[in-house]
Amino acid sequence: PDKARAIDPEHPSQPSPRIGEPGDYPYTRGIHETMYRSRLWTMRQFAGFGSAQDTNARFKYLLENARGTKANTGLSTAFDLPTLMGRDSDDPLSEGEVGRCGVAVDSIDDMHRLYADIPIDEVTVSQTINGPACVIWAMYLAVARERNIDWNTLGGTLQNDILKEFHSQNEFIYPPEASVRLVVDTIDYATRCVPRWNSVSISGYHIREAGSTATQELAFTIRDGMEYVEAAMARGLDVDDF
C-alpha cells in the first residue's frame with residue numbers, strides 16, 4: 001500500500017524519493033510542477049485540404065474564431081497522401097489524391113503560402129507527418145529563417161513516429177533502420193537548435209485501429225518510444241537533454 005501511494009515508509013508525510021515531486025527529477029509525477037492545474041494543454045483543430053492557400057484560409061478562420069476562448073490555441077496540420085508518401089503533386093502516382101485528405105505541400109513556396117500572415121513565433125504548430133517529416137520540418141524552419149524569426153521562439157510538434165507506420169498505418173518510405181536514423185537526426189537537431197520543439201509525438205491509436213487489443217496498443221506505443229530513446233542514446237545523446 002505504501003508503494004502504491006508513493007509514500008516513503010520512513011517519512012510517511014513525504015513522497016518517496018524514487019517518485020519525486022511534480023516538475024522535478026525523475027519526473028515520474030509529470031514534467032510540469034502543477035501540470036494542467038495552472039496551464040491548460042494546447043488545443044488544436046486538425047485541418048488541411050486542397051491547396052496551401054485553402055488551408056491557410058482555414059487556419060485563419062480557426063484562429064480568428066478562437067480569440068477570447070480556449071477553443072483553438074494552436075494549429076494542427078493535416079497533409080494529403082502524396083505529401084505523406086514524399087511524392088510531388090504532379091507525380092503520376094499522386095493522381096486523384098492531391099489535396100483530398102489534407103493539404104498538398106511540394107515546396108518551400110507552398111510552406112510559405114500555408115502559414116502566410118500567421119505569427120508562427122506566437123502560435124504553436126503541429127505537423128502530422130512521418131516518412132518525409134525531416135523534409136517538411138526543414139521547409140518550416142527555412143520559412144521561419146526567411147521571415148527572420150528566431151528558432152528559439154518556435155513551438156510545435158512533429159509527429160515523426162515512423163515505427164507505428166510499419167506496424168499499423170503503412171505510410172513509410174525507407175527501411176526501418178534508416179527511418180529510425182532520420183528520427184534520431186531530428187531529435188538531435190531539435191535538441192541543439194529548436195529547443196521548444198517536440199521532435200517526436202508517439203502515436204498509439206493507429207495501432208488499435210489496425211486490429212490490436214488495448215493492451216497491445218499500449219505495449220507497442222511505449223516500446224516505440226523506448227526504441228527512439230535507446231537509438232538516440234546509442235548516437236551519444238544525453239537522455240536528460242532530449
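**Close-up views of a predicted model**

**Figure 1. The largest nonpolar core.** Of the 33 residues in the largest nonpolar core, Met111 and Leu154 touch the most other members. The model shown here and in the other views is predicted. At least two residues of this core are supplied by each of helix 1 (52-66), helix 3 (108-114) and helix 4. Helix 4 accounts for the largest share of this core, with eight residues. In soluble globular proteins, nonpolar side chains tend to be buried together.

Figure 2. Leaving aside residues up to four places away in sequence, Met111 touches Val105, Ile136, Met139, Tyr140 and Val143. Another core lies apart from the largest one and has nine residues, including Leu163, Val183, Ile187 and Ala232.

Figure 3. Five strands form an open sheet in the order 3-4-5-6-7, with parallel pairing. Strand 3 (44-47) and strand 7 stand at the edges; each has a single partner strand, so one side of each is left without a neighbour in the sheet. The pairing of strand 6 with strand 7 is in the parallel sense and runs over two bridges. Within this part of the sheet, Gly156 stands opposite Trp197 in strand 7.

**Figure 4. The largest pocket.** The largest pocket holds about 1300 Å³ of space. Its lining comprises 33 residues, and those nearest the centre are Ile31, Trp197, Asn198, Ser199 and Phe242. Two or more lining residues come from each of strand 6 (156-158), helix 6 (176-193), strand 7 (197-198) and helix 8 (214-235). By class, the lining of the largest pocket comprises 18 nonpolar, ten polar and five charged residues. Trp197, one of the residues nearest the centre of this pocket, is also the residue of strand 7 that Gly156 stands opposite.

**Figure 5. The second largest pocket.** About 250 Å³ of space lies in the second largest pocket. This pocket is lined by 17 residues, of which Phe46, Leu84, Thr128, Gln169 and Glu171 are the closest to its centre. Helix 2 (81-84), helix 5 (163-169) and helix 7 (205-209) each contribute at least two residues to the lining. Helix 5 gives the most, with three residues. The lining of the second largest pocket divides into eight nonpolar, five polar and four charged residues.

Figure 6. One cavity of 30 Å³ or more is present in the structure. The volume of the largest cavity is about 60 Å³. Residues Asn130, Gly131, Ala133, Cys134, Asn160, Ile162, Tyr174, Ser179, Leu182, Val183 and Thr186 line the largest cavity. The lining has six nonpolar and five polar residues, with no charged residues.

**Figure 7. Asn160, a buried residue with positive phi.** Asn160 has a positive phi of about 55° although it is not a glycine. The residue lies in the loop between strand 6 and helix 5. With a relative accessible area of 3%, Asn160 is buried, because buried means under 20%.

**Figure 8. Asp117, an exposed residue with positive phi.** Asp117 is not a glycine, yet has a positive phi of about 65°. Its place is in the loop between helix 3 and strand 5 (124-128). The relative accessibility of Asp117 is 69%, so the residue counts as exposed. Most residues other than glycine have a negative phi, and most peptide bonds are trans.

**Figure 9. The cis peptide bond at Pro26.** The peptide bond from Tyr25 to Pro26 is cis, with omega near 5°. Pro26 is placed in the loop between strand 2 (11-15) and strand 3.

Conventions: Residues are numbered from 1 along each chain as its sequence is written. This is a predicted model: local features need pLDDT of at least 70, side-chain atom pairs count only at pLDDT 80 or more; totals for chains, interfaces and linings use all residues. Side-chain values use heavy atoms; hydrogens and water are left out. On a 1 Å grid over the protein atoms alone, a cavity is a set of points where a 1.4 Å probe fits but cannot get out, and a pocket is an open set with protein on both sides within 12 Å along at least five of seven lines; lining residues have an atom within 4 Å of a point. Grid points are joined across faces, edges and corners, and a volume is the space filled by probe spheres set on the points. Helices (H or I, at least four residues) and strands (E, at least two) are DSSP runs, numbered from the N terminus. Ala, Val, Leu, Ile, Met, Phe, Trp, Tyr, Cys and Pro count as nonpolar, Asp, Glu, Lys and Arg as charged, and the others, Gly among them, as polar. A nonpolar core is a set of buried Ala, Val, Leu, Ile, Met, Phe, Trp, Tyr and Cys residues joined through side-chain atoms within 4.5 Å. Buried means under 20% relative accessible area, exposed over 50%, partly exposed in between (1.4 Å probe, protein chains only). Contact means heavy atoms within 4.5 Å. Two strands pair if DSSP finds at least two bridges between them.
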